[in-house]
Structure formats: structure tokens, C-alpha cells
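Please look at the sequence and the structure below before reading on.

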Amino acid sequence: MIDKLILMNGYGAYVWSAFSFTLISFVTLYFVTKLQLSKEQKKFVVKFGSLNVEKARVARSQNSNREILLNTSKI
Amino acid sequence: MFKYFEPNKIFAITSRAPKYVLFLFIVILTIGLTEALILSPEDYKQSDAVRIMYVHVPAAWISLGIFSSLGLLSLGSFIFKNKNFALISKSLAPAGFVFNIIALVTGSIWGKPTWGTWWAWDARITSMLILALFYGMYLLAWKIYEDKEQVIKVTSMIAILGVINVPIIKYSVDWWNTLHQPPSISILSNNSIHVSMLIPLAIMTAAFALFSLLIFLMKYNTELIKIKNKGLNRL
């Protein structure tokens, strides 16, 4: 059973390399995208932290800003 | 109507959705891989080499679908002057490009045992390569141009020009003599593919569609946070 799955009637090298390439592409794209997102979230938090009390209050009044801060705390 | 899709209004959804989409993607992909690699039958002619179809075909479909969306959204961005369309297109493109590359590479791997060659300048393959070039130009334009108005114009032009290639890819197997077989799946007529192969193909397509949705949501959130970062500077 395992031999048949690995060898695939002599086509194993082709089948497994095609599936491996696809999965490696998925993992790479996912982590590159996640890294970019985390970078922007961190940048946002740093900028938010440097705001004075009044500006921070204005920024916090926007739902999307609150959402970013909420999600960033989970990174 | 577009006011309901304003980034600020949908951000609560787009920022929370990725974790659910990722979970669903992993479940569907696991089922799809089990079907594609273990449960589905081998082909009477191609034997187990046919299993490459379960990654090659969905990747090609999704890359074509995403580029068609880029074309439509770019047209919408021109007509309705809605910048959110450009933001959606920009977030969709990376997944489309990667799926295009996957389709080309897995097609090349499939070509060797089936046709005896890694590459042929056949109409379908060449038109898919041209699509990859359009994707490349589209993504590069976002990196090169800094002026917002200019980059939206340039990328929209690339997407609208590139979308002409989509029907060429679709009908290339009918219009020219190519190594590719005519379509096995049709919405309007009977499918020539057996249901035992159609089911894993459909599951893998659903998994790939979920993955492109996941990448789109993450990219879209990144772009929105970039805008919010600039907004903080203006406070």
C-alpha cells in the first residue's frame, strides 16, 4: 500500500514533485504575506504609542483602528 | 451601493475572517489530498500521472479567475472612480500570480511523462506564460510607481489589456492544434471526466479557492493598515 503510494506505478517522482511544489508555494506565500501583515501591524502600534493623549483618543474613536490594535495584541 | 463595501466598514470582518478561512482551508485541503492521492482511481492511459491534474487544473482555473476579476475591477475603477476596486485588485494579484506559476510548473512536470517533453511552445502553454508576464508587470507596476493616481491608471491598463488573453487561453485548444486535449469539463454540455475524478478535482478547486481567499484577506488587511498608518501621521 505504502510502496504503491510512493512509487505511483513509476510516476511517483512526477506526482510527488508536482504536489510538493504546490504545497511549498502555498507555505511560502502564506508566510511572506503574514510577515508583511505583522510588520504593518507593529508599525501601527509603534505610531499609535507615540501619539499624545488627545490624538490617541481621536484615533481610538475609529472602529478600524481599534480593530487593528485588538488583532495586533494577538500576534 | 459601494458605500457598504467601504474598507472601514468591512475591516471588522476582513480582519477576523482569515483564521476561520485558514481552518476551513486546512480541512478541505486534507480531504482533497486524500481523495487526489489515495482514493481516486488511476487513469487507463496515463496511470498515476493523472493525479497531477488535481493540482494543475485548479491552479490554472484560479489564476484565470483572479485575472478576470482584476480586469473587471480595473474597469470598475475607471468607470466608478472607486479606489477600493484598485485595493481589492492589488490584494488579489499575488495569489493569482502564484497559482499561474504553479499551473506552469506542474503542467511542465505532467508534460514529461505524458508528452515526453518538459516544455512545448503550444498555444495553451504559451498563452499561460503570457498571463504570467501580465501578472508580473501588474505586480511590478505597484512597486515601481509611487504616485497613487498614476499607479492605479497603469495597473488598470495592464489588467484590461491582459484580460484579452483570458479567452485566448480558454479557447486555445479549440482554435489551434495543441498538445492539450479539448476541455473535459463543461457547464453547458456533458462532462467527459468520470465522477470519481470530478469529485477530487472539485474538492481541490474549493481548497485552492479558499487559499486564494485567505491570501487576499491578509493582503487586503495589510493594505488597509498601511493606509491607517498614513492616517495616524496626519492626525
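Which elements of chain A have the lowest and the highest mean pLDDT? In this predicted model, the lowest mean pLDDT among the elements of chain A, 72, belongs to helix α4 (residues 63–72), and the highest, 94, belongs to α2(A).

**Confidence in chain A**

- Chain A has a mean pLDDT of 85, and 95% of its residues reach 70 or more.
- Where pLDDT is low, the predicted coordinates should not be read in detail.

**An aromatic pair between chains**

- Counted over all chains, the structure holds 17 aromatic pairs.
- One of these pairs is formed by Phe26(A) and Phe208(B), which is edge-to-face because the planes of the rings stand at 70°, where an angle over 60 degrees is required; the ring centres are 5.1 Å apart.
- This pair joins two chains, because Phe26(A) lies in helix α2 (residues 12–49) of chain A and Phe208(B) lies in helix α7 (residues 195–234) of chain B.
- Both partners count as buried, a term that requires a relative accessible area under 20%: Phe26(A) has a relative accessibility of 3%, and Phe208(B) has 0%.

**Further aromatic rings**

- Phe80(B) and Phe85(B) also form an edge-to-face pair, with 6.4 Å from centre to centre and 75° between the planes.
- Phe85(B) is buried, since its relative accessible area is 13%.
- Which residues do ring pairs link into a cluster? The cluster consists of Phe26(A), Phe25(B), Phe99(B), Phe208(B) and Phe211(B).

**A charge over a ring**

- The ring of Tyr171(B) has the charged end of Lys170(B) sitting over it, at 5.0 Å from the ring centre.

**Positive phi angles in chain B**

- Ser47(B) is a residue other than glycine with a positive phi, near 55°.
- The position of Ser47(B) is in the loop between α1 (7–39) and α2 (53–80) of chain B.
- Is Ser47(B) buried or exposed? With a relative accessible area of 13%, Ser47(B) is buried.
- Lys81(B), which is likewise not glycine, has a positive phi near 55°.
- The loop between α2 and α3 (83–115) of chain B contains Lys81(B).
- Lys81(B) counts as exposed because its relative accessibility is 65%, and the term applies over 50%.

Note on methods:
Residues are numbered from 1 along each chain as its sequence is written. Chains are lettered from A and ligands numbered from 1 in the order in which they are written. This is a predicted model: local features need pLDDT of at least 70, side-chain atom pairs count only at pLDDT 80 or more; totals for chains, interfaces and linings use all residues. Side-chain values use heavy atoms; hydrogens and water are left out. Rings of Phe, Tyr and Trp (its six-membered ring) pair if their centres lie within 6.5 Å; planes under 30 degrees apart count as stacked, over 60 as edge-to-face and the rest as tilted. Helices (H or I, at least four residues) and strands (E, at least two) are DSSP runs, numbered from the N terminus. Buried means under 20% relative accessible area, exposed over 50%, partly exposed in between (1.4 Å probe, protein chains only). A charge sits over a ring if NZ of Lys or CZ of Arg is within 6 Å of the ring centre and within 35 degrees of the ring normal. pLDDT is the predictor's confidence in each residue, from 0 to 100.
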